[in-house]
Amino acid sequence: MHRFIKNTFILILSFGLLSAFTIIAVLWAFSNNLPDYKFLKNYKPAVSSKVYSGDGELVNDFSSEKRIFVPYNSISKKVINSFLSAEDKNFFSHPGVDAKGVLRAIVNNVSNFVTSRRLEGASTITQQVAKNFLLTNEVSLNRKIKEAILAFRIERALSKQRILELYLNQIYLGEGTYGVAAASLEYFDKSISELNYEEAALLAALPKAPSRYNPYKNIEIAKFRRDLVINNLFENNYINKKSQEELLSKKIILKKRKNFFTEDASYYVEDIRKDVVEKLGFDKVYKQGLNISTPVNIGLQKIATNSLREGLIEYDKRKGWRGALTNIKKLEKWNKKVDKFRLEKSVNWDLAIVKKIDKFSIEIETEYKKKGIIKYENISWIKKDFKEILKIGDVIYVENINKNIFALRQLPVVNGGIVVMDPFTGRVLALSGGFSFKKSEFNRATQAQRQPGSAFKPFIYALALENGYTPSTLILDAPLVLEQGSDLKMWKPENYGKKFYGPSTLRMGLEKSRNLMTVRIAQNLGVKKIVNFSKKLGIYENPSELLSISLGSAETTLLKLTSAYSSFVNGGKLVKPIMIDRIQDSEGVTIFNNEMRECINCDQISYLSDNYPKIEDKFEQIFSPETAYQMTSILEGTVQNGTGKNLKDLNLDLAGKTGTTNKNTDTWFVGFTSKLAIGVYVGSDNPRSLGRYETGAKTALPIFKNFVKKAVKKEDARPFKVAKNILMKVIDPVTGKKAEIGTRRTIIEAYKDVKVENLLNKDINNRLKNNNILRFY
């Protein structure tokens with residue numbers, strides 16, 4: 001008996017030593033090839049860069065993963081308790097691997113294997129950190145051993161708080177979100193500090209299977225899983241029995257973050273994104289959590305986007321109905337087949353299918369199963385009966401106008417852009433480059449190179465005023481034939497309407513947009529001077545030196561042209577478009593600043609000091625303040641008496657100019673108030689005529705008008721500031737001479753003070769007369 005006990009002891013000891021040796025050998029073998037875990041001490045996960053509006057509101061973010069890094073001390077106890085209850089209740093007591101949990105999982109898995117149930121895991125939070133940061137998702141014993149070894153090492157190197165911080169900021173929680181802060185915004189539109197226990201428990205329920213327990217897809221299964229976490233909270237003494245019962249009885253209430261404004265600003269944001277990636281590199285923008293401050297004004301942006309869309313729709317209605325998007329024979333589950341037609345939610349249109357057609361109405365069903373009707377008065381712009389334009393199964397766009405009453409809509413075939421700027425700084429307050437970013441990312445405000453047509457003329461007249469002309473200089477409006485070069489045809493410019501008006505004042509030439517007068521002025525100034533002037537203003541880069549440039553034959557963008565117009569209202573200074581004010585890194589250090597002004601005496605402490613603060617800018621003076629005011633006055637006349645007169649009924653101080661290119665291919669209106677410069681462009685992406693009567697005044701100007709009506713108050717459109725060295729005289733607008741007693745119509749014209757500019761220069765006068773231009777003062 002004694003011998004048996006001795007042999008048994010030796011056998012057990014040998015087995016124990018062999019097991020220990022085997023375990024040590026395995027650990028040693030696996031330990032040699034493990035990833036370096038020490039970087040986790042200072043690890044910062046990839047954090048999205050945030051884009052903010054001029055008022056500091058979040059507009060968008062740039063990220064490959066939706067993530068907001070939150071330090072441990074800023075994570076609420078409710079969130080921490082919920083995740084510990086769901087994932088690792090012994091987290092603060094085990095050394096990295098939970099022996100009790102492993103033993104429990106082994107016992108339970110024997111039963112699970114026999115009954116074909118899903119096997120349980122026993123990974124601690126530390127093991128999950130090891131897997132997520134250092135290993136793959138491979139399901140194997142090999143990986144589990146490495147995971148356990150790394151967990152022990154991580155526990156020795158990092159505090160429990162740091163491990164939990166890494167886990168809660170790295171874990172995937174569905175809907176593209178990583179970390180509890182991003183998930184909290186995605187599911188509840190709340191910061192994590194605002195979460196209650198039922199919400200925190202739902203987030204804690206997600207790591208096990210984010211897709212399966214996604215409350216947007218499977219709310220009943222999500223509630224079942226959430227309730228398990230709530231029960232665990234009770235068992236772990238985080239909540240009492242009464243709280244448990246109350247929490248279990250509550251339904252899941254979700255609140256998805258609204259991104260309507262983000263949609264409105266998609267063109268603006270995309271231009272910013274491309275710019276910062278080019279400046280700083282992809283990794284820095286998408287991983288280092290930059291804070292990008294922009295000038296964008298949320299209110300103006302929404303108005304600008306809607307004004308552009310409404311104007312394009314009105315143009316499109318004039319061209320008639322083009323037909324349904326598609327026809328679906330099988331009406332069941334039709335809404336699963338129309339993904340390619342979906343637009344931004346901010347467009348406020350629904351996709352619908354035609355169910356029944358009567359003579360004076362049709363019955364529809366929207367993609368969200370809402371039933372409604374379209375009445376005949378809601379298709380009056382088509383001027384045809386329903387049966388002529390639609391059939392059962394047609395898929396169409398509709399807009400809900402009153403309860404179950406809908407209007408028929410169609411996507412415009414033309415497109416356009418709108419730009420709103422601060423003319424004194426160049427800060428772009430709003431910008432839209434098309435009807436739908438989802439349908440086309442091509443930005444017609446910044447990318448479309450188009451001929452500005454007559455919208456370029458004000459710069460010819462500004463250059464003339466800089467070179468001895470006055471607003472009342474008489475210029476001959478008569479036929480003109482010019483040579484353009486040995487290899488080019490003779491050029492015969494014509495006025496719109498093909499009429500001639502004889503000698504007319506410079507003011508009249510611009511107000512009425514006379515081509516022949518403009519060409520004569522350009523001929524007198526010289527093409528070289530015009531080309532250089534346009535390049536200094538940033539309108540063109542390298543235009544051809546042809547006289548036709550005076551009528552806007554070269555190509556530019558809406559943003560560049562609007563920026564150049566800012567010089568008229570700001571006193572002749574060159575401002576460049578600014579779409580990014582400042583970029584700061586995640587620590588708040590400024591790495592880029594676009595501010596072109598400085599505050600003089602802003603460091604004065606005493607209010608008794610005579611050194612008052614003053615803002616000074618560093619903008620280049622392109623032409624004189626006097627010329628800038630004269631041009632502003634003439635462009636006011638364009639609104640009052642010329643091609644922009646459809647704006648008169650707004651009763652605001654406005655100035656601006658229409659533009660229409662050959663064959664009515666591109667149409668423009670660029671104008672300004674005392675505070676804003678606004679540019680509008682309408683045209684086709686593949687240039688073609690918009691229609692015989694579709695001019696800048698008919699297509700682009702109504703968009704400008706719609707924006708101004710909604711965005712500009714009377715106090716924001718004050719009279720334009722008169723330059724210092726300006727003299728006002730009452731003259732006859734037809735003859736350009738001083739008004740006599742009994743003159744039927746007079747205007748107050750702005751002239752430069754003769755002390756500043758000698759208006760009687762004989763050489764200039766002789767040169768003007770030789771080119772059919774007469775001068776009056």
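## Close-up views of a predicted model

**View 1. Arg342 and Asp339 join their side chains in a salt bridge, with N and O 2.0 Å apart.** The term salt bridge is used here for a side-chain nitrogen of Lys or Arg within 4 Å of a carboxyl oxygen of Asp or Glu, and by this rule the count comes to 34 salt bridges. This is a predicted model, in which local features need pLDDT of at least 70 and side-chain atom pairs count only at pLDDT 80 or more, while totals for chains, interfaces and linings use all residues. Residues are numbered from 1 along each chain as its sequence is written, and side-chain values use heavy atoms, with hydrogens and water left out. Arg342 is partly exposed at 22% relative accessible area, whereas Asp339, at 54%, counts as exposed (buried means under 20% relative accessible area, exposed over 50%, and partly exposed in between, with a 1.4 Å probe and protein chains only).

**View 2. Lys319 and Glu694 form a salt bridge whose closest N and O atoms are 3.4 Å apart.** This pair links distant parts of the chain, 375 residues apart, since Lys319 lies in the loop between H14 and strand E6 (326–327) and Glu694 in the loop between E22 and H22. Helices (H or I, at least four residues) and strands (E, at least two) are DSSP runs, numbered from the N terminus. Lys319 is partly exposed, with a relative accessible area of 41%, but Glu694 is buried at 3%.

**View 3. Lys355, Glu365, Lys369 and Lys371 are linked in a network of salt bridges.** Within this group, the side chains of Glu365 and Lys369 meet at 3.8 Å, N to O. Glu365 is buried, with a relative accessible area of 6%, while Lys369 is partly exposed at 49%.

**View 4. Helix H16 (residues 457–466) packs against helix H18 (residues 515–525) at an angle of about 45°, with their axes 10 Å apart.** Axes are lines fitted to C-alpha atoms, for helices over the stretch in contact, and angles run from 0 to 180 degrees between N-to-C directions. H16 and H18 are therefore oblique to each other, given that angles under 35 degrees count as roughly parallel, over 145 as roughly antiparallel, 65 to 115 as roughly perpendicular and the rest as oblique. In contact (heavy atoms within 4.5 Å) are residues including Ile460 and Tyr461 of H16 and Met517 and Ile521 of H18.
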